[in-house]
Amino acid sequence: MLSGADEPQGMVSLARGLEPWQRFLLPAVGGAIAGVILQMAARWLPRRGAADYMEAISIGRGVIGLRQTLARSLSSIFSIGSGASIGREGPMVQLAAMFSSLTGRFLLLPPRHLRLLVACGATAGITSAYNAPIAGALFISEIVFGVISSATLVPLVVSSVVANIVTRQILHYDAVFHMPHFEFVSGWEVINYLGLGVAAGLVAPQFLRFLDTARSAFSRLPTPLWIRMALGGLIVGALSVVNPEVWGNGYSVVNSLLHTQWAWQAVAAILVMKIIATGASAGSGAVGGVFTPTLFVGAALGALYGTGLQNLVPVGDLSPVSSYAVVGMGALLAATTHAPLMSILMIFEMTLSYEVMLPLMLACITAFVIASRIRPESVYAKSLANNRRAQKTVENSAKDKGE
């Protein structure tokens with residue numbers, strides 16, 4: 001199944017090097033420390049500005065608090081460093097947006113320009129994380145701004161290009177996902193990718209519902225935040241005793257799925273365990289993103305789908321399992337974010353293969369349509385809705401004062 005250099009590295013390699021009892025306890029200890037940091041920050045650091053970059057952009061002021069962001073980033077270091085099943089892209093993007101906010105405030109930019117500068121910083125962070133400059137710009141335009149216009153897209157693209165040049169050509173930062181060569185055997189195979197889009201469209205709403213249920217369950221616990229986060233870490237630790245691959249953001253496991261042949265039983269097991277671990281980590285309050293775990297679930301779903309097809313159809317008439325895993329990443333991303341254009345371009349930029357476009361477009365659009373019918377809210381809908389409500393409250397308050 002896995003061998004030699006193809007085995008997952010990073011956090012997974014660290015987990016495998018530990019004793020079972022250490023794998024069981026370390027995520028809980030890291031979660032407890034991360035929770036204490038968040039509690040102390042909430043108690044001792046007054047909130048100044050927005051709590052996250054989406055709020056700063058959508059509300060329109062563009063102010064992100066320095067100390068709160070640093071405290072949340074420190075908390076994420078302990079969570080992610082101890083094996084929490086969340087993505088590191090969230091804190092990375094938040095830090096990039098925060099530095100942009102500080103720069104704009106130092107330059108005394110008006111709120112409208114400051115808001116755009118924060119968006120440019122967030123775009124640069126996404127581009128740096130995924131080596132996808134076009135998709136990075138479209139992520140902010142399509143999801144946060146909610147509209148693609150030249151007034152916002154042009155500066156976002158410029159910041160994305162600069163970030164890509166700095167991270168790849170100057171700092172020599174490698175892409176997180178190493179995509180295999182995409183193979184598209186014949187035109188009739190688009191039917192198979194249509195089926196993958198249907199599967200992703202059905203799975204995505206259930207995945208998001210599970211995350212919401214996990215957050216609701218943890219929030220109802222009559223315990224301090226640090227205990228809830230320790231409990232979330234304990235769940236991850238218990239799963240890692242059985243399967244160390246649940247540790248971390250899943251980069252190394254996805255790369256292994258894309259380049260090696262896994263038994264379907266192993267893929268199914270890690271898929272279920274990773275979803276539970278992600279729910280425990282994100283639901284307990286750990287600071288981090290679910291963007292990368294979504295790509296993980298999509299890759300595993302595509303690999304399972306491709307393996308099932310190979311058991312039904314002669315192998316020579318099908319693309320390899322890795323091709324279905326690649327398209328599965330984009331399809332599930334489109335179904336959860338409700339941003340199919342961004343999802344298509346992100347996977348295209350990662351693969352740099354024109355052959356992937358036809359099946360990818362079909363699967364992403366199909367997944368998006370089905371998922372949006374089942375669950376109209378995207379993974380970011382609740383956060384954006386809260387921000388819009390806050391914006392209306394601010395506007396109403398200003399009107400009342402004016403009257």
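# Exercises on a predicted helical model

Apart from neighbours within four places in sequence, Thr307 is in contact (heavy atoms within 4.5 Å) with Gln261, Trp264 and Val321. The model is predicted, so local features need pLDDT of at least 70 and side-chain atom pairs count only at pLDDT 80 or more, while totals for chains, interfaces and linings use all residues. Residues are numbered from 1 along each chain as its sequence is written, and side-chain values use heavy atoms, with hydrogens and water left out.

## Exercise 1

Solution. Helices here are DSSP runs (H or I, at least four residues) and strands are runs of E (at least two), numbered from the N terminus. Step two is the cut-off: buried means under 20% relative accessible area, exposed over 50%, and partly exposed in between, with a 1.4 Å probe and protein chains only.

## Exercise 2

Locate Leu108 and His338, which have a positive phi without being glycines, and classify the accessibility of each.

Solution. Take Leu108 to begin with: its phi is about 60°. Leu108 sits in the loop between helix H5 (89–106) and helix H6 (111–130). Its relative accessibility is 74%, so Leu108 counts as exposed. Now take His338, where phi is positive too, at about 60°. His338 is in the loop that runs between helix H14 (321–337) and helix H15 (340–351). With a relative accessible area of 17%, His338 is buried.

## Exercise 3

Describe the aromatic cluster formed by Tyr130, Phe139 and Phe291, pair by pair.

Solution. A pair of aromatic rings is described by the distance of the centres and the angle of the planes. The rule takes rings of Phe, Tyr and Trp (its six-membered ring) with centres within 6.5 Å; planes under 30 degrees apart count as stacked, over 60 as edge-to-face and the rest as tilted. By this rule there are 4 aromatic pairs.

Step one: the ring centres of Tyr130 and Phe291 lie 5.2 Å apart with the planes at 45°, so this pair is tilted. The pair links distant parts of the chain, since Tyr130 is in helix H6 and Phe291 in helix H13, 161 residues apart. Both Tyr130 and Phe291 are buried.

Step two: for Phe139 and Phe291 the centres are 5.8 Å apart and the planes stand at 75°, so that pair is edge-to-face. Phe139 is in helix H7 (residues 133–145) and Phe291 in helix H13, so the pair ties together parts 152 residues apart in sequence. Phe139 is buried, as is Phe291.

Step three: Tyr130, Phe139 and Phe291 together make one aromatic cluster.

## Exercise 4

Work out which residues the salt bridges that share partners join into one network.

Solution. Side chains of opposite charge can pair when their charged atoms come close. A salt bridge is a side-chain nitrogen of Lys or Arg within 4 Å of a carboxyl oxygen of Asp or Glu. The count by this rule is 3 salt bridges.

Step one: Arg16 pairs with Glu245, the closest N and O atoms being 2.1 Å apart. Arg16 is in helix H1 (residues 11–16) and Glu245 in the loop between H10 and helix H11 (251–259), so the bridge ties together parts 229 residues apart in sequence. Arg16 is partly exposed at 33% relative accessibility, whereas Glu245 is buried at 7%.

Step two: Arg215 forms a salt bridge with Asp212, with closest N and O atoms 3.5 Å apart. Both residues are in helix H9 (residues 190–219), 3 residues apart, about one turn of the helix. Arg215 is partly exposed, with a relative accessible area of 34%, and Asp212 is partly exposed, with 22%.

Step three: the side chains of Arg375 and Asp212 also meet in a salt bridge, at 2.6 Å from N to O. This pair links distant parts of the chain: Arg375 is in the loop between helix H16 (357–374) and helix H17 (381–402), Asp212 is in helix H9, and 163 residues separate them. Arg375 counts as buried at 12% relative accessibility.

Step four: through shared partners, salt bridges join Asp212, Arg215 and Arg375 into one network.
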